[in-house]
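Please keep the sequence and the structure in view while reading.

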Amino acid sequence: MLKVNCLEEHMPMSTFLNASPIFGPVRSRRLGLSLGVNMMPASGKICTFDCIYCENGLNAERPCHEPYNTAAVVLNALEAKLREMAAEGELPDVITFAGNGEPTAAPEFPQAIAGAVALRDELAPNSKIAVLSNGTRADRPEVHDALMMVDDNILKLDTVDPAFIQLLDQPVGPYDVEHQIETFASFNGHVIIQTMFLTGEHQGNPLDNTGEEYVGPWLAALERIRPQEATIYTVARETPIAGLAKAAPEVLDTIAARVRALGIPCQVSY
């Protein structure tokens, strides 16, 4: 049965694409005033996951026929925006690589990160650089090195149950969660694990990763990874699929307390 605190009528809402190569700044639940960097074009979505809760819609609904942005395009736009914001007297709290899909899959992602770090140091020294990633490219040496350069290396681990991953995250291509855990642990603590907890149903299948069946193994994975922080959240924006529901605040609080009991800081967004 669906919980009563779900999204209104369990109906899908409109999804959206971000501007490119720079979008925002926007007020983020977790990051503060965030200036977005989009390695993808504005015309579509390019992602190695096809999450049924994605605010950018499903991959098939947002087909993209343009290539990823080059590092030069991204960095020129970022420099112009930072100079504009400096002139207005409000620089971002964080420069966030996110956008319409998976940023680390862009061929020139490492070069874009190196350039963004240099621009940040010059124009916005108090701003952090963050990457929101599903982690599917984090094992590639050049991507791993780039992620080690940023302040907030935020990698997704919604569950460690392979069947639930296929239902919720729908990886595009092979996905071995054990390999992902090992990869995340290889950052030696320079990683923030981001997890979506939700309830509801999809195609007749129950959706609920808040019970012990899922939370216990996920906590065990966190113990192996030893991230600098975990951030847990729930459905709060547009989703392309009907039937998705929020996890209750008290449930999130209980999970967060268990994370903190492991000695890992945990941020909660309801």
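In which strand is the place of proline 25? Proline 25 has its place in strand β1, and the peptide bond that joins glycine 24 to proline 25 is cis, with omega near 10°. This is a predicted model, in which local features need pLDDT of at least 70 and side-chain atom pairs count only at pLDDT 80 or more, while totals for chains, interfaces and linings use all residues. Residues are numbered from 1 along each chain as its sequence is written, and side-chain values use heavy atoms, with hydrogens and water left out. Helices (H or I, at least four residues) and strands (E, at least two) are DSSP runs, numbered from the N terminus.

**Cis peptide bonds and backbone angles**

- A cis peptide bond also runs from serine 20 to proline 21, with omega near 5°; proline 21 is placed in the segment before β1 (22–28).
- Asparagine 188 is not a glycine, yet its phi is positive, at about 50°.
- The loop between α5 (177–185) and β6 (192–196) holds asparagine 188, which is exposed with a relative accessible area of 71%. Here, buried means under 20% relative accessible area, exposed means over 50%, and partly exposed lies in between (1.4 Å probe, protein chains only).
- Glutamine 203, a residue other than glycine, has a positive phi near 55°.
- Glutamine 203 lies in the loop that joins β7 and β8 and is exposed, with a relative accessible area of 69%.

- All five residues of strand β3 (residues 94–98) are buried.
- Cover is present on both faces of β3: Val94, Thr96 and Ala98 are buried on one side, and Ile95 and Phe97 on the other.
- Strand β2 (residues 32–38) pairs with β3 in the parallel sense over five bridges; two strands pair if DSSP finds at least two bridges between them. Asparagine 38 has alanine 98 of β3 as its bridge partner.
- From β2 the chain passes through helix α1 (residues 71–88) to β3, in a right-handed β-α-β crossover. A crossover is right-handed if, with the strands pointing away from the viewer, the path from the first strand over the helix to the second runs clockwise.
- Strand β4 (residues 128–133) also pairs with β3 in the parallel sense, over four bridges; threonine 96 has alanine 130 of β4 as its bridge partner.
- The chain crosses from β3 to β4 through helix α2 (residues 109–123), and this β-α-β crossover is right-handed.

**Helix α2**

- Helix α2 has 15 residues and spans 20 Å from its first C-alpha to its last, close to the 21 Å expected at 1.5 Å a residue. The expected span of a helix is 1.5 Å times one less than its number of residues.
- Among the buried residues of α2 are Phe109, Ile113, Val117, Arg120 and Leu123.
- The cover over the buried residues of α2 includes α1, β3, β4 and α3 (141–149); contact means heavy atoms within 4.5 Å.

**The antiparallel sheet**

- Strands β8, β7 and β10 form an open sheet in the order β8-β7-β10, with antiparallel pairing.
- β8 (205–208) and β10 (244–246) stand at the edges with a single partner strand each, so one side of each has no neighbour in the sheet.
- Strand β7 (residues 198–202) pairs with β8 in the antiparallel sense over four bridges, and glycine 200 has leucine 207 of β8 as its bridge partner.

**Helix α7**

- Helix α7 (residues 249–261) has 13 residues and reaches 18 Å from its first C-alpha to its last, close to the 18 Å expected at 1.5 Å a residue.
- Val251, Leu252, Ile255, Ala256 and Val259 are buried in α7. Viewed down the axis of α7, its buried residues fall within an arc of 135°, so they line one face of the helix; the arc is that of the directions from the helix axis to the C-beta atoms.
- Glu250 and Ala261, on the other side of α7, are exposed.
- α6 (212–225), β9 (229–233) and β11 (266–269) pack against the buried residues of α7.
- Glycine 263 follows α7 and has a positive phi, near 85°.
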